[in-house]
Amino acid sequence: MTQARADAFDRVLAGNKSYARRCYEHEPQLWQSLSKGQAPDVLWFGCGDSRVPETTICDCKPGDIFVHRNIANIIAPGDLSSESIIDFAVGAVKVKKIVVCGHTKCGGAVNSLTDADLGPALNNWLQPLRDLRRKHQAEIDALDSIDDKSVRLAELNVRQSVDTIKRNPTVQKAVAERGVTIHGVLFDIVTGELKVLDASDDEPLSAAPWQHR
Ligand SMILES: [Zn+2]
């Protein structure tokens, strides 16, 4: 186990070396320019899942996206971490777009389909998602597979998180003064594609069912 960990660490260090070399060869100005400051246009709220790295899946570069990721991209009212991110990225850095991204095959969503004991911190963290599942229990129960149930819960979670963000005073000020918009998306782990949940910036996200392709 120790050996495997050491190998994985060696791998990321070697990966960083080759990345830095490639940057130096192909885009020597990138880090020099970024060292002067950041001006990302997008604030991204996503899940910590290793398969949904926003900068990679959106074909972006360092400096493009300000990021906050946690288990199951839960943005709950009163959460100091996400609210601090909003104050900084929206209030000070002045991003133009806020994106909340859920995804299929989300372990946090799957584990919120029941009330299984996952440990005190994780039980507490997943509480808003489990409450959301209870609120839509009949609809979720009617779906056939764990995949379908968890995708539906992930979508409901994105919509609820978008609504929470829209009620944040820093966001409301930015919407009024600079026309900042908030968007909900779902990432499909099977296809590698994002699906926009609602193209309208002004209307609250509807409860239209997610369609599997
Ligand atoms: Zn996830």
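Into which domains is the chain divided? I noted domain 1 (1–36) and domain 2 (38–196), with bounds that come from an automatic or database domain assignment. I then looked up their separation, and the centres, taken over C-alpha atoms, are 28 Å apart.

I keep in mind that this is a predicted model, in which local features need pLDDT of at least 70, side-chain atom pairs count only at pLDDT 80 or more, and totals for chains, interfaces and linings use all residues. Residues are numbered from 1 along each chain as its sequence is written.

Next I turned to the sheet. I looked up β1 (residues 42–47) and β3 (residues 97–103), which pair in the parallel sense over 4 bridges, with L43 opposite I98 in β3.

Last, I examined the helix packing. Helix α6 (residues 120–135) packs against helix α8 (residues 146–166) at about 110°, the axes being 10 Å apart; axes are lines fitted to C-alpha atoms, for helices over the stretch in contact, and angles run from 0 to 180 degrees between N-to-C directions. I recorded L129, L132 and R133 of α6 and L153, L156, N157 and Q160 of α8 as making the contact, where contact requires C-beta atoms, placed from the backbone, to lie within 7 Å.

Technical notes. Helix = DSSP H or I, 4+ residues; strand = E, 2+ residues; numbered from the N terminus. Contact = placed C-beta atoms within 7 Å. Pairing = 2+ DSSP bridges.
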